[in-house]
Amino acid sequence: EHGHGEIERGFNLREAELTLSGTVDPSLDAWMTVAFSDGEVEIEEAYVETRSLPSGWKIKAGKFLSGIGYHNQQHLHSWAFADQTLVHQTFFGDHGLVDSGLQVTYLPATPFYTLVGVELFQGKQDKFGASVDSELDNGELKEDAGPRLSTIFAKIAPELSTDSELQLGVSLAQAGQHQEDHSEDPDVELLEGDILLWGLDVVYKKLPTGAFGEGGLTLQAEYFNVEKDLTIEVASDADEVGEEVTGQQDALYLQAVYGIAPRWSIGARYEKVGFENELKEESTEDLGDSRRISFAATWQPTEYSKLRLQLSRADISEFDEDAGRAESKSFNQIYLQYNVSLGAHGAHQF
């Protein structure tokens with residue numbers, strides 16, 4: 001329902017972000033990103049982070065993007081494509097996994113880069129660990145006290161050569177309270193239970209051989225698998241209350257970006273949601289799969305601006321309750337995007 005500015009056909013001012021960052025004192029750094037979109041203002045991130053803990057430890061507290069996977073921590077202006085991946089949009093929403101909480105990471109003194117992190121979040125999410133805001137439950141579904149969502153992740157970057165880099169990651173996320181509304185007018189069906197996600201990510205980068213990114217190559221992939229264990233808590237048919245409902249869904253994206261000339265790059269991305277996509281209640285329903293393939297060409301005249309043309313073809317699955325099966329709808333997308341950054345800013349993460 002809420003993303004980085006709702007897109008419609010024609011011209012869009014998608015979103016304007018204001019970022020403030022600085023050193024608070026010898027112990028803390030602070031960061032805040034405020035988004036302006038369609039007359040609304042939202043704090044996307046606002047946190048403090050330690051800068052002087054010993055032995056590779058670091059603590060972050062506030063509202064921030066989770067460290068799970070690779071793509072989730074990136075802001076819109078640093079994406080290699082104009083839109084959110086189907087993987088993150090399906091499981092976390094347009095923003096990705098972002099919430100108020102606490103993160104602790106450990107960077108041990110190993111021969112190659114190794115990072116381990118754990119997070120505790122309040123659990124206010126649109127999709128993963130969602131809450132049903134419905135008048136149909138008569139107040140029977142209530143939010144538990146937080147924190148309700150936790151994650152753990154690890155990343156390693158074994159050394160390959162002087163001109164190439166590799167990072168491998170594994171992630172786990174769990175929400176102890178997840179609610180869903182499966183109502184179909186006039187019938188009411190509200191569910192509550194647990195949701196668990198695990199994922200793998202890999203990023204390979206070949207350093208540019210020419211000026212301004214020419215010859216540089218980035219290969220990136222992430223896979224997530226979600227399992228739900230729910231119970232029907234509210235239903236029009238009283239006999240359904242207490243029945244168990246389980247679901248499993250997975251998703252993958254693969255993308256490559258190559259610098260074909262100074263300040264010019266091309267990219268290709270393939271995405272699929274639903275290699276496995278089942279919901280088991282009285283019977284097992286196959287909810288189908290969704291796919292999208294995208295191609296993008298980006299010109300970056302300076303470090304502070306980029307112009308991108310993107311073409312996409314999508315086949316999106318939608319379950320037809322009347323027909324009792326999943327049906328696919330196909331459509332094309334064309335984006336012409338201009339992105340500008342003002343002021344000095346720190347280097348992007350790996």
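How many salt bridges does the structure hold? The structure holds 11 salt bridges, a salt bridge being a side-chain nitrogen of Lys or Arg within 4 Å of a carboxyl oxygen of Asp or Glu. This is a predicted model, in which local features need pLDDT of at least 70 and side-chain atom pairs count only at pLDDT 80 or more, while totals for chains, interfaces and linings use all residues. Residues are numbered from 1 along each chain as its sequence is written, and side-chain values use heavy atoms, with hydrogens and water left out.

**Strand pairing**

- Strand S1 (residues 16–25) pairs with strand S2 (residues 28–37) in the antiparallel sense over 9 bridges; strands (E, at least two residues) and helices (H or I, at least four) are DSSP runs numbered from the N terminus, and two strands pair if DSSP finds at least two bridges between them.
- S1 and S2 form a hairpin with 2 residues between them, and threonine 23 stands opposite aspartate 29 in S2.
- S2 and strand S3 (residues 40–50) run antiparallel and are joined by 10 bridges; alanine 35 has glutamate 42 in S3 as its bridge partner.
- The hairpin of S2 and S3 has 2 residues between the strands, and aspartate 38 in the turn has a positive phi of about 50 degrees.
- S3 pairs with strand S4 (residues 57–65) in the antiparallel sense over 4 bridges, and the bridge partner of alanine 46 in S4 is lysine 63.
- The hairpin of S3 and S4 has 6 residues between the strands, with serine 55 in the turn showing a positive phi of about 60 degrees.

**Salt bridges**

- Glutamate 42 and lysine 63 meet through their side chains in a salt bridge (3.8 Å, N to O); glutamate 42 lies in strand S3 and lysine 63 in strand S4, 21 residues apart.
- Aspartate 83 forms a salt bridge with arginine 269, with the closest N and O atoms 2.8 Å apart.
- Aspartate 83 lies in the loop between S4 and helix H1 (86–91) and arginine 269 in strand S12 (residues 264–280), so this pair ties together parts that are 186 residues apart in sequence.
- Both aspartate 83 and arginine 269 are buried, where buried means under 20% relative accessible area, exposed over 50%, and partly exposed in between (1.4 Å probe, protein chains only).
- A network of salt bridges links Asp83, Arg269, Glu271 and Arg292.

**Aspartate 237**

- Aspartate 237 lies in the loop between strand S10 (217–235) and strand S11 (244–261).
- The relative accessible area of aspartate 237 is 38%, and the residue is partly exposed.
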